[in-house]
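Hi there,

As promised, I am passing the structure on to you. Please have it open while you read my notes.

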Amino acid sequence: MRFSRPPAFTTRPTLEGTVGMAASTHWAASATAMGMLERGGNAVDAAVAAGFVLQVVEPHLNGPGGDLTAVFVTADDPTPRVLDGQGPAPSAASAARYRAEGLERVPGAGALAAAIPGATDAWLLLLRDHGTWEVGDVVGPAIGCARDGFPAVPRVGSTIAAVADLFREHWPSSAALWLPDGRAPGPGQVLRNPAWAATLGRLADAAQGPTREARVDAVREVWAEGFVAEAVEAFCRTPHRHASGTDHAGVLTVADSAGWRSSVVDAAVGGFRGYRLAKTPAWGQGPALLQMLALLEPYDDAALDPSTEAGAHLVLETIKLAQADREAWFGDVPDAVGPGFLRGLLDPAYLAARRTLITDEASPEVRPGRVGGREPRLAELALAGVAPGVSGGSAVGEPTVTLEGEPGAGETPTGSHGEMRGDTCHLDVVDRWGTVVSVTPSGGWLQSSPTIPELGFALGTRLQMTWLEEGLPSTLAPGRRPRTTLTPTLVLDGEGRPVTALGSPGGDQQDQWQLLYLLRTLVGGWSPQAAIDAPALHTTSTPGSFWPRDREPAGAVVEDRLGDDVIAGLARRGHRISRAGDWALGRLSAVGIDHARGVLWGAANPRGMQGYAVGR
C-alpha cells in the first residue's frame, strides 16, 4: 500500500520565480507585498505593507486593535525567530474581577475580552529591526484602501449582516461605519474607513528622528502612549453590550499599553522526517503541531495518508491527544514556556505512551497526559457542552465563515458544522535574498467590540481564551498572555535552510489543516498547490478556544470530497461526522525556496475565491 498520488489537476499552478513570492488570504494583500518586492523592498517591508492592507480589506478577520504571531528567518540569520505580537491581559483584568461582574467565562465580544493590542506594534517592530523602508511608505497602500475605498468581499457583508441588530441596538458607532444606508453591504460594494485612514496618517506623520529605527520607534510610542491609547482608554470607560448579554465597561488603560511592547523570542523547534519545524512557544498552540508530527513519525508512509479511512482516523486521533495536552498544559506560565516543557512534550518515552491510547475506534474523551510526570488538570467548564444561555445574534468567538453558502440576513454563523469557526488571516512572503516571513494576524474584528469612532477600529477579544477558574496555565491574570491560536509555521531542511513558510486561518483548526499539508508534501511528495487543494478535515472533540468553549465529543468535520467510502468508514469507527461541503475547510497559503534549483515558489487557497499567490 502506498501514499495516494495527487490529482493531475490543481485549481491553479504552484507559482515559481526568482524575484519574490507572496501568498495570503486576500489578493489585495498579496499584490501589495509583491509590489514592494518589485520595487526593491525585502520580505519584511512587503509583509508589513500587506499586513496593514489586510486590516482594511478583511476587517471582519483582523484589525489594528488585534494581535499577531509570526515566524521568520532573515537573509543574514537562518535561525528561526518568533515575533510575539500577542498582547497580555491589562493590569485590572483578573479572574476574580470578572467573576465579580457575574461572568462564568470571558465574553466572546466586548472590551472586557480585550488584551493589550499587539498587532500594530509588532508590525512596526518587525519593520524597525529587519525592514528597509519608512513607516509612511509601508502604510501608504493601506491608507489609500481605507480612504478611497475597497470592494467588500461577500463575507464582509454576511458577517455584518449577522450582527446588524447588535450594531443598531447597542453599538451605534459600529452601525455608523459598517451599515451604510442602514443596511449590511452587498458583495462588491465599496466601503471606506476614513477615520482609520486619518489615524494611520497621523501615525506616519509621527515618524520623526535622526535614524530610520528612531523614526519607527517614535510611531510605536505614539501608538502606545499617545492619542491612540488615550482614545482607547476613554472608550473603555463607557459600558456597552458584551456577548454575555450584559453591559460592562472595559479595563484597558494608557498605562497598560505604555508598559508593553512586542518582542522577538526563540522559536519552539521540533523535527519530522529529517526536517525541522519552527513554531510559537507554548503561550500559543504552536507546540501542539510539533507533538502531532512527533506522534506520527514512526508510522509507515501509507499509514499517514489523510485521504484514506485509516490515515484520516489516525490523524484525527493524534490531533485529539495533542490538543488534550494543549488544554491541560499550555499557557503563559513558567512551567509551559520553559525549554524543559517542550522536551517533556516531545520525549520519546512520553510519545510512545501516548500512542498506546490510539485504537481503531474514535475516542470521545479529552485525555491529557502526565508531561514531566505531573498530573494534568483541565478547567471544569472545558468538558461541558454548549454553554447555557448562548444564543445567536451576538458577536461570538473569532468570526465564523462559511464558504459553501453565506448566511443570510439575521443568521448568525456560529456552529462548527460546515463552517470555519475561528477564522482570521494569513500571509507568507519570501524574497530573492532569502528572508522568509510567515505571519498570522487576527483579532480586532469589526464584530469584536464597538468601533472607536475617532480611531476607526475595534479592540480585540483574545482574553476569551482564558479561564476564570483559578490555578490553570490559562487562567486570566494581569500581564499574562492568553493562549493564542495564531500559529504560523516555518519548515527548514536538514541543513537548517528555510524551505517552506505556511499557515492558515481557522482558530483551533489552524494546526490541524497545516498537519494535512505537511503530511501530503513531506511524506506524500505532493506539490504545494495540490496539498492546499486536497480535501480537509478536523476534529471538534477538544474544547474550543473561543467563547463559549464548547466541544462535540468524537466530532469530525470533513469535506465531502474526501469520498463517501472514507467518510462512511470514519462514521463506523465512531466519529460523529459533519459534512462541510466540497470546498469548505482549510485556507492555507504557502511560499518557499527550492534550493536545488534556486527557485522561489508560492501557492494559495482557492476556497472562497479570495486567497491569492503572486510572484515572479
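Below is what I found in it, going from the whole chain down to single residues.

A word on the ground rules. This is a predicted model, so local features need pLDDT of at least 70 and side-chain atom pairs count only at pLDDT 80 or more, while totals for chains, interfaces and linings use all residues. Residues are numbered from 1 along each chain as its sequence is written, and side-chain values use heavy atoms, with hydrogens and water left out.

**The whole chain**

The protein chain holds 20 helices and 21 strands (DSSP runs, H or I of at least four residues for helices and E of at least two for strands, numbered from the N terminus). Its C-alpha trace spans about 60 × 55 × 45 Å along the principal axes. Of the 616 residues, 65% count as buried (buried is under 20% relative accessible area, exposed is over 50%, and partly exposed is in between, with a 1.4 Å probe and protein chains only). Among contacts (heavy atoms within 4.5 Å) between residues at least 6 apart in sequence, 74% join residues at least 24 apart.

**Cores**

A nonpolar core here is a set of buried Ala, Val, Leu, Ile, Met, Phe, Trp, Tyr and Cys residues joined through side-chain atoms within 4.5 Å. The largest one has 89 residues, and Val429 and Leu459 touch the most other members. Helix 2 (residues 43-57) supplies the largest share of this core, with twelve residues. A second, separate core has 67 residues, among them Leu295, Ala322, Phe341 and Ala536.

**Val429 and Thr435**

Leaving aside neighbours within four places in sequence, the contacts of Val429 include Ala43, Ala46, Ala47 and Thr435. Thr435 sits in the loop between strand 12 (427-431) and strand 13 (436-442). Thr435 counts as buried because its relative accessibility is 6%. A polar atom of the Thr435 side chain lies 2.9 Å from the backbone nitrogen of Ala75.

His242 is placed in the loop between strand 7 (240-241) and strand 8 (247-248). With a relative accessible area of 3%, His242 is buried. A polar atom of its side chain is 3.2 Å from the backbone nitrogen of Ala111. Not counting residues up to four places away in sequence, His242 touches Pro107, Ala109, Gly110, Ala111, Leu112 and His248.

Helix 11 (residues 227-236) is largely enclosed by the rest of the structure, because seven of its ten residues are buried. Those buried residues, including Phe227, Val232 and Phe235, pack against helix 9 (194-205), helix 10 (212-225), strand 7 and helix 12 (254-258).

**Gly140**

Gly140 lies in helix 5 (residues 135-148) and counts as partly exposed, at 31% relative accessibility. The C-alpha atoms of Gly140 and Ala197 are separated by 9.4 Å, although these residues are 57 apart along the chain.

Do write back with any questions.

Best wishes

Terms used
Polar contact = N/O pair within 3.5 Å; in protein donor to acceptor, adjacent residues only side chain to side chain.
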